[in-house]
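Welcome! Let's take a friendly look at some ring contacts, one question at a time.

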Amino acid sequence: MKQKFKAEEFSKAEILDLPRDEHFDYEKIFLCLKICDSEVLKKVFLPHELKFHEEQRQYNRRYPLKKSKMKKNWLDYNYNQMIIDEHEGRRIDIVHEIKDGQYVSEYKVKARCDYLDGYLNSLMVGAKLFHETAEYEEYIHDYYFQFYLENLEKFNMLV
């Protein structure tokens with residue numbers, strides 16, 4: 001992720017709502033990455049996502065966040081800016097969790113980016129199936145398994 005998408009590490013403490021996120025055990029989160037490079041972002045967002053970002057930019061210009069509603073704490077201000085940057089397409093955050101101390105058990109792309117979600121799915125589910133830690137079986141009619149197979153094909157990972 002760091003090389004392919006110019007991702008940079010950042011502290012999980014910067015995502016203020018992460019301790020309450022139902023998808024993760026906060027103590028098991030081992031890596032948070034952000035992608036802010038505009039050239040990379042242009043390549044990974046799909047047309048409908050770019051349209052959403054433009055709508056968000058227009059909305060935020062019409063109805064800016066009032067300074068009086070912002071917290072005075074710099075961490076809160078940075079978190080608010082992180083969310084705005086995600087919604088407006090200037091940033092993608094990715095959270096990784098390891099429950100067994102060895103393999104990624106969960107990930108989350110914190111900005112709508114179907115391309116990266118599919119890419120990470122193709123890598124992570126394959127590893128889970130290989131190590132027999134997947135939550136579902138390799139069953140062709142299973143929705144999640146079909147999503148995984150589609151991603152393998154999309155990213156040319158079928159041999």
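Q: Over which ring does the charged end of Arg-91 sit, and how far from its centre?
A: This is a predicted model, so the answer rests on computed positions. A charge counts as sitting over a ring only if it is within 6 Å of the ring centre and within 35 degrees of the ring normal. The charged end of Arg-91 meets this rule over the ring of Phe-10, at 5.0 Å from its centre.

Q: How many aromatic pairs are there?
A: Rings pair if their centres lie within 6.5 Å. By this rule, the count of aromatic pairs is seven.

Q: Are the rings of Phe-5 and Tyr-115 stacked or edge-to-face, and why?
A: Their centres are 6.4 Å apart, and their planes stand at 75 degrees. Planes over 60 degrees apart count as edge-to-face. Phe-5 lies in helix α1 and Tyr-115 in helix α5, 110 residues apart. With planes at 75 degrees, the pair is therefore edge-to-face.

Q: Is Tyr-115 buried or partly exposed?
A: Buried means under 20% relative accessible area, and exposed means over 50%. Phe-5, with 3%, is buried. Tyr-115 has a relative accessible area of 25%, so Tyr-115 is partly exposed.

Q: Which residues do ring pairs link into a cluster?
A: Tyr-119 and Phe-155 form an edge-to-face pair, 5.4 Å centre to centre. Tyr-119 is in helix α5, while Phe-155 is in the segment after α6, 36 residues apart. Both Tyr-119 and Phe-155 are buried. The cluster linked by ring pairs consists of Phe-5, Tyr-115, Tyr-119 and Phe-155.

Key: Residues numbered from 1 in each chain as written. Predicted model: local features only at pLDDT ≥ 70, side-chain atom pairs only at ≥ 80, totals over all residues. Heavy atoms only, no water. Phe/Tyr/Trp six-rings, centres within 6.5 Å; stacked < 30°, edge-to-face > 60°. Helix = DSSP H or I, 4+ residues; strand = E, 2+ residues; numbered from the N terminus. Buried < 20%, exposed > 50% of the residue type's maximum accessible area, 1.4 Å probe, protein only.
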